[in-house]
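Me: I would like to learn how to read side-chain contacts in a model. Please take me through them one kind at a time.

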Amino acid sequence: MKNDKMKQQYRINEQIRVREVRIVGDDGSIVVPIRQALDMARDQEVDLVEISPNANPPVCRLIDYSKFLYQQKKRQKEMKAKQVKVEVKEIRFGPQTDEHDYQFKLKHAKEFLEEGNKVRAYVFFRGRSILFKEQGEVLLLRFANDLEEYGKVEGMPSLEGKKMFLYLTPKKAGVAKKSQQARDREASVAEAKENAKQQTPEVKSEVPANGGLFANAKISADALKKLTESEK
């Protein structure tokens, strides 16, 4: 059936009823009367295939029609294989979702976005819980903020009936940017490490009264010193 539909897309040989056509090939193109084009096809034992009927004059190729259909089918398969199938994954919340459930769903949303899928998050308001729609909006905005590195928000949360929706699309691989909060955290950690390095000599010289890691380090240093002196 598919081949029959493809055959009907193109006119060939005597089906092409125009005054002249443009024949394209590896060496360029020429405009010739239709009768001359048909003679050229017969001489080369191929078909005259109209590939662009709306051009002026229509564009044709001299090629074996079966081979032409095979090439077209192969090209369509390749294009279909290159197309990324994007699915829409749903994440459902209640207006008073607890922290553990929130983190669990956040993890799944990250995975969905990293796989290239869209995420449709929504808060479902059951019965009188619709009174807490502000909480639902805050929840979705927090959700969007936590996923800033993975997806882009398509719009503000919108209420449709008893559901409040938020849509996120995945960011392209390799261009995901860190959120300002993540950058601030990294800067704070780096600053804390730098301060710790500067204070290390003073801290090591002090042994807390209750022992601990610094006390063990001091004992190990003393033992190493004694061992060195004994070897002398």
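Reply: Start with salt bridges. The rule asks for a side-chain nitrogen of Lys or Arg within 4 Å of a carboxyl oxygen of Asp or Glu. By that rule the count here is 9 salt bridges.

Me: What kind of model is this, and how are residues numbered?

Reply: This is a predicted model: local features need pLDDT of at least 70, side-chain atom pairs count only at pLDDT 80 or more, and totals for chains, interfaces and linings use all residues. Residues are numbered from 1 along each chain as its sequence is written, and side-chain values use heavy atoms, with hydrogens and water left out.

Me: Which residue meets E14 in a salt bridge?

Reply: R42 does, at 3.7 Å, N to O. Helices (H or I, at least four residues) and strands (E, at least two) are DSSP runs, numbered from the N terminus. E14 lies in the loop between α1 (2–9) and β1 (20–25), and R42 lies in helix α2 (residues 34–43), so the pair ties together parts that are 28 residues apart in sequence.

Me: Which parts of the chain does the salt bridge of E99 and R142 tie together?

Reply: First the contact: the side chains of E99 and R142 meet at 2.9 Å, N to O. E99 lies in helix α4 (residues 99–114) and R142 in helix α5 (residues 133–146), so this pair ties together parts 43 residues apart in sequence. E99 is partly exposed at 42% relative accessibility. R142 is partly exposed too, at 33%.

Me: Where do K105 and D101 lie?

Reply: Both lie in helix α4, 4 residues apart, about one turn of the helix. K105 is buried, with a relative accessible area of 19%. D101 counts as partly exposed, at 26%. Salt bridges can also share partners: E14, D39 and R42 are joined into one network that way.

Me: Now the rings. How many aromatic pairs does the structure hold?

Reply: Rings of Phe, Tyr and Trp (its six-membered ring) pair if their centres lie within 6.5 Å; planes under 30 degrees apart count as stacked, over 60 as edge-to-face and the rest as tilted. The structure holds 7 aromatic pairs. One of them is Y10 with F68: edge-to-face, 5.0 Å centre to centre, 85° between the planes. Y10 lies in the loop between α1 and β1 and F68 in helix α3 (residues 65–82), so the pair ties together parts that are 58 residues apart in sequence. Y10 is buried at 14% relative accessible area, and F68 is buried at 3%. Another pair is Y102 with F143, edge-to-face at 6.2 Å centre to centre and 75° between the planes. That pair links Y102 in helix α4 to F143 in helix α5, 41 residues apart. Y102 and F143 are both buried. Ring pairs also link Y10, Y65 and F68 into a cluster.

Me: Which ring does the charged end of R142 sit over?

Reply: The test takes NZ of Lys or CZ of Arg, within 6 Å of the ring centre and within 35 degrees of the ring normal. R142 sits over the ring of Y102, 3.9 Å from its centre. K163 lies over the face of Y122, at 4.9 Å from the ring centre.

How values were computed:
Buried means under 20% relative accessible area, exposed over 50%, partly exposed in between (1.4 Å probe, protein chains only).
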